Every structure is written in structure tokens, then in C-alpha cells.
Amino acid sequence: MTDQLLINELREGSEQAFDTIYKMYAKRLYAFCLQYCKRKEDAEEIVGDVFLWLWRNKHTIRQGEALKYLLFLRARHFLVNAFRSRVNSPIFADYVDYQNSISADTVSQQLEYQEFEDKIIYEVDRLPKTQQEVIRLAKMEGLKIKEIAEKLGLSEQTVKNQISIGLRTLKKKLGVSTVVLLIWLVS
């Protein structure tokens with residue numbers, strides 16, 4: 001069945017067309033999302049949001065639109081929103097573009113990344129205790145600012161400040177840009 005036929009049927013409210021679209025694209029969208037959010041639950045939620053959006057907006061889809069492009073664009077939008085809410089930063093779109101421009105399959109890149117990650121972990125261990133805790137909770141547990149504040153008994157502003165100071169310190173010690181550190185934080 002072609003995209004155009006599926007779009008026509010979907011616009012008429014066909015659940016069968018929706019199921020067909022889901023079967024065609026859900027696994028690919030899930031794999032795409034998992035590359036960036038790294039947690040299965042987050043990837044599943046974003047895929048669910050994409051298809052919920054598709055069903056709710058089925059009447060606004062125009063003829064001639066490619067389903068694949070539309071769904072992946074919407075997934076990217078949800079990834080960006082998830083990242084912004086998690087880290088409160090607009091950098092994730094650049095991260096997605098960066099990841100799309102490189103090949104993660106090469107062994108040398110994986111080794112370089114592992115060395116870089118080891119250096120970051122070493123430097124994080126040398127930060128003051130509060131900075132270590134907030135960066136680890138944000139990185140390893142994926143907690144939001146509010147959750148970190150509650151867990152550590154700090155104000156949200158203190159958590160934001162400690163993350164900011166910690167990132168600046170890491171940036172100086174490692175000689176890398178803030179964007180590179182934020183990319184590491186969301187991987």
C-alpha cells in the first residue's frame with residue numbers, strides 16, 4: 001500500500017490504515033529515538049506520542065506528504081522537547097544533527113569516545129561533592145532539576161547553579177566546548 005493511499009484512508013478515520021502505518025514505522029522510529037534518549041522507556045513514550053499525534057492530526061495531513069518524513073520529523077520534535085524539559089537547554093537539535101552527520105559504527109570513534117568519557121568521569125570525581133551529585137543525578141539517573149533538588153534537599157536554583165559551575169569547570173579542565181559536554185550528558 002502506498003503512502004498516499006494510506007494517508008487517504010487515515011484521513012477518513014481508518015484504524016486499519018493507522019495500524020498499517022504503525023507496523024511500517026514503529027520499530028524504525030523506536031530505533032531512531034533510542035539512539036538519542038538512550039532509555040527504552042523514553043523511546044517508547046516518544047514513539048507513542050508520535051502515533052498519538054498522527055491519529056489526532058490525521059485530518060490535517062496533506063496529500064503528497066511522505067509519511068516517513070512526517071513521522072521522523074515529529075519524532076525529532078518530541079526528542080527535542082524531551083531533551084529541553086530534561087536538561088532545560090536548546091542544544092539537543094544540534095546534537096541530533098551532529099549524530100546524524102557522523103558514523104557511530106567505527107571502532108576508532110568508539111574508542112575515542114570511551115577515552116573522552118573516562119576523562120569526564122575522572123574530572124567529575126574531582127569536583128566538589130554537590131557538583132558531583134547533581135551532575136551524576138542528571139547524567140546517570142536522568143532526573144530533572146526539581147527531582148534533584150528534592151532528593152538532595154537543595155533549591156532548584158542551587159541545582160541549576162551547581163550544574164552550571166560544574167560544566168564550566170569540566171569545560172576548562174577538559175578543554176572542550178559546552179556543547180560537547182551537553183552531548184555527553186544526554187548520551
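Phe18 is buried, with a relative accessible area of 17%, a value that falls below the 20% limit for burial. In this predicted model, Phe51 likewise counts as buried, at 3% relative accessibility. The structure holds four aromatic pairs, and one of them joins Phe18 to Phe51 in an edge-to-face arrangement, with 6.0 Å from centre to centre and 90 degrees between the planes. Because Phe18 belongs to helix H2 and Phe51 to helix H3, this pair ties together parts that lie 33 residues apart in sequence.

Phe18 also pairs with Trp55: the ring centres are 5.4 Å apart and the planes stand at 75 degrees, so this pair, too, is edge-to-face. Here again distant parts of the chain are linked, since Phe18 sits in helix H2 and Trp55 in helix H3, 37 residues apart. Trp55 itself counts as partly exposed, at 27% relative accessibility, and the charged end of Lys58 sits over the Trp55 ring, 3.6 Å from its centre. Taken together, ring pairs link Phe18, Tyr22, Phe51 and Trp55 into a cluster. Elsewhere, Arg74 lies over the face of Phe78, at 5.8 Å from the ring centre.

The largest nonpolar core has 28 residues, of which Ile21, Tyr25, Leu29, Cys33, Phe51, Leu54 and Leu71 touch the most other members. Two or more residues of this core come from each of helix H1 (3–11), helix H2 (15–37), helix H3 (40–56) and helix H4 (67–87), and the largest share, 10 residues, is given by H2. Cys33, when residues up to four places away in sequence are not counted, touches Lys38, Ala43, Ile46, Val47, Ala75 and Leu79. Apart from this core lies another, of 15 residues, among them Leu127, Val134, Val159 and Ile163.

The chain as a whole has 10 helices and zero strands. Buried residues make up 38% of its 187 residues, and of the contacts with a separation of 6 or more, 62% are between residues 24 or more positions apart. The accessible surface comes to about 11100 Å², with 52% of it belonging to carbon and sulfur atoms.

The chain averages a pLDDT of 78, and 74% of the residues score at least 70; the highest confidence is in helix H8 (residues 145–152), at a mean of 92, and the lowest in helix H10 (residues 178–186), at 52. Over residues 103–107 the pLDDT is below 50, and this stretch has four contacts in the model beyond near neighbours in sequence.

How values were computed:
Residues are numbered from 1 along each chain as its sequence is written. This is a predicted model: local features need pLDDT of at least 70, side-chain atom pairs count only at pLDDT 80 or more; totals for chains, interfaces and linings use all residues. Side-chain values use heavy atoms; hydrogens and water are left out. pLDDT is the predictor's confidence in each residue, from 0 to 100. Helices (H or I, at least four residues) and strands (E, at least two) are DSSP runs, numbered from the N terminus. Contact means heavy atoms within 4.5 Å. Buried means under 20% relative accessible area, exposed over 50%, partly exposed in between (1.4 Å probe, protein chains only). Accessible areas come from the Shrake-Rupley method with a 1.4 Å probe; for residues, only the protein chains shown count as cover. A nonpolar core is a set of buried Ala, Val, Leu, Ile, Met, Phe, Trp, Tyr and Cys residues joined through side-chain atoms within 4.5 Å. Rings of Phe, Tyr and Trp (its six-membered ring) pair if their centres lie within 6.5 Å; planes under 30 degrees apart count as stacked, over 60 as edge-to-face and the rest as tilted. A charge sits over a ring if NZ of Lys or CZ of Arg is within 6 Å of the ring centre and within 35 degrees of the ring normal.
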